[in-house]
Amino acid sequence: MTRSLTLTRPDDWHLHLRDGAMLDAVTPDSAADFGRALIMPNLVPPVVTGDDAVAYRDRIMAAIPKGADFTPLMTLYLTETTDAANLVAAARAGIIMAVKLYPAGATTNSASGVRDINAVMPVLEAMTEAGIPLCVHGEVTDPEIDIFDREAVFIERVLDPLRAKLPELRVVMEHVTTSDGVDYVRGGGANIAATLTTHHLFINRNHILAGGIRPHYYCLPVAKRETHRRALVAAATSGDASFFLGTDSAPHLDAAKLSECGCAGIYTAPNTLACLAQIFEEADALDQLDGFVARHGAAFYGVVPNAGTVTLVRETAPQPVPRNRATAEGELTVFDPLVPIYWRVV
Ligand code: NCD
Ligand code: ZN
């Protein structure tokens, strides 16, 4: 017997759409299932000013299939030379919804990011004053710190001291991957929230490294051990409004992933909702899925949930992983959760 599940049309609060041929190839996948997405600004060169965001939004709008109900919400990329007045004006004009902090060197296209948090304090103070949320890539880049510890150390060295200085700053800890991150957000009050990705609810570090190296599971922050994955699933399915979906769907061509120095990022936009329905069902928490994908994030960002809906059905047989996407520049592999997924969006 098939079961069906209708959700409020979801939001993706952390999405990479890229530019050019990749933008054209991936935008339809997000536009099919989501009503809105918060678009990450780590292009080369990055989206730094209000004008950059307007121009990028126009390119995204041109890539959305006709008739799709999808709105991109823009972010700016924080640099040590960001002009606070330009940023606040862009937020007041409704051009941007948030600002992204990348520690320089932490991840894909982060070279223009922040080396010294003190250098951006005036901008962060202006954001606090104006109520503009800061989205944080929460990993230190100190080569002395083991890559599996970088999130926990970021909380201790950067995030907690920053929030002690600016308790009114609204912060989203993006793509939390550890129980340390979950615990910090859970006890952190109304001005902090976290996004959780689809893939970190499914994979642990064994998926990347045991029995052969699997570049398609490499992303940043890197997946941690199984106890952390379980903490993420517990947070996502708990109904706690501090946690919401940000897929971090981050497409890279296969040629860039399957390389001697492969790129970080996993492409989950096509099958995110089906995967989430599966994992929420297994946690006996399908009733919490609507909050996680469509309500908690909207509440944090102060927007009303989308008016539309999306419906999934549970089939009696496992559904295939969506086929690889073809782009004008090469193939793009879709996330394989490696467990049977019975759900599909209709
Ligand atoms: C993202 C990308 O490719 O832009 N990669 C990733 O592994 N998540 C950047 C990011 O969000 O860290
Ligand atoms: Zn990302």
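**Helix H5 and beyond**

Analyst: Helix H4 (121-130), strand E6 (134-136), strand E7 (171-173), helix H6 (179-186) and strand E8 (192-196) are among the elements that cover the buried residues of H5. Bear in mind that this is a predicted model. The residues being covered are Arg150, Glu151, Val153, Phe154, Ile155, Leu159, Leu162 and Arg163, which are the buried ones of H5. How does the length of H5 check out against 1.5 Å a residue? Its 16 residues, 150-165, should span 22 Å, and the end C-alpha atoms do sit 22 Å apart, so the two agree. Along the way H5 bends by about 35 degrees, at Glu156.

E8, one of the covering strands, leads us onward: His199 lies in the loop between E8 and helix H7 (205-209). His199 counts as buried because its relative accessibility is 0%. Setting aside neighbours within four places in sequence, His199 contacts Cys219, Thr247, Asp248, Ile266, Thr268 and Phe335.

Together with His14 (NE2) and His16 (NE2), Asp248 (OD) coordinates the zinc ion (ligand 2), at 2.0 Å. In sequence, the donor residues follow the spacing H-x1-H-x231-D. The site is tetrahedral, with angles of 94 to 133 degrees among its four donor atoms.

Trp13 and Tyr301 have ring centres 4.3 Å apart and planes at 10 degrees, under the 30 degrees needed, so they count as stacked. That pair ties together distant parts of the chain, with Trp13 in strand E2 (residues 11-15) and Tyr301 in helix H11 (residues 289-301), 288 residues apart. Trp13 and Tyr301 are both buried. Tyr301 also pairs edge-to-face with Phe244, at 6.3 Å centre to centre and 70 degrees between the planes. This one links distant parts of the chain too: Phe244 is in strand E9 (residues 243-245), 57 residues from Tyr301 in H11. Phe244 is buried at 0% relative accessible area, while Tyr301 is buried at 9%. Ring pairs join Trp13, Phe244, Phe300 and Tyr301 into a cluster.

One last stop is Tyr342, in the loop between strand E12 (330-332) and strand E13 (343-345). Tyr342 is partly exposed, with 22% relative accessible area. Beyond residues up to four places away in sequence, Tyr342 touches Gln278, Val313, Arg314, Glu315, Thr316, Ala317, Pro318 and Gln319. From Met127, Tyr342 is 215 residues away in sequence and 44 Å away in space, C-alpha to C-alpha.

Terms used. Residues numbered from 1 in each chain as written. Chains lettered and ligands numbered in written order. Predicted model: local features only at pLDDT ≥ 70, side-chain atom pairs only at ≥ 80, totals over all residues. Heavy atoms only, no water. Helix = DSSP H or I, 4+ residues; strand = E, 2+ residues; numbered from the N terminus. Expected span 1.5 Å × (residues − 1). Bend = angle between axes of the 7 residues up to and from the residue. Buried < 20%, exposed > 50% of the residue type's maximum accessible area, 1.4 Å probe, protein only. Contact = heavy atoms within 4.5 Å. Donors = N, O, S within 2.8 Å, 3.2 Å for Na, K, Ca; no water. Tetrahedral: all angles 85-135°; square planar, octahedral: opposite > 155°, others 65-115°. Phe/Tyr/Trp six-rings, centres within 6.5 Å; stacked < 30°, edge-to-face > 60°.
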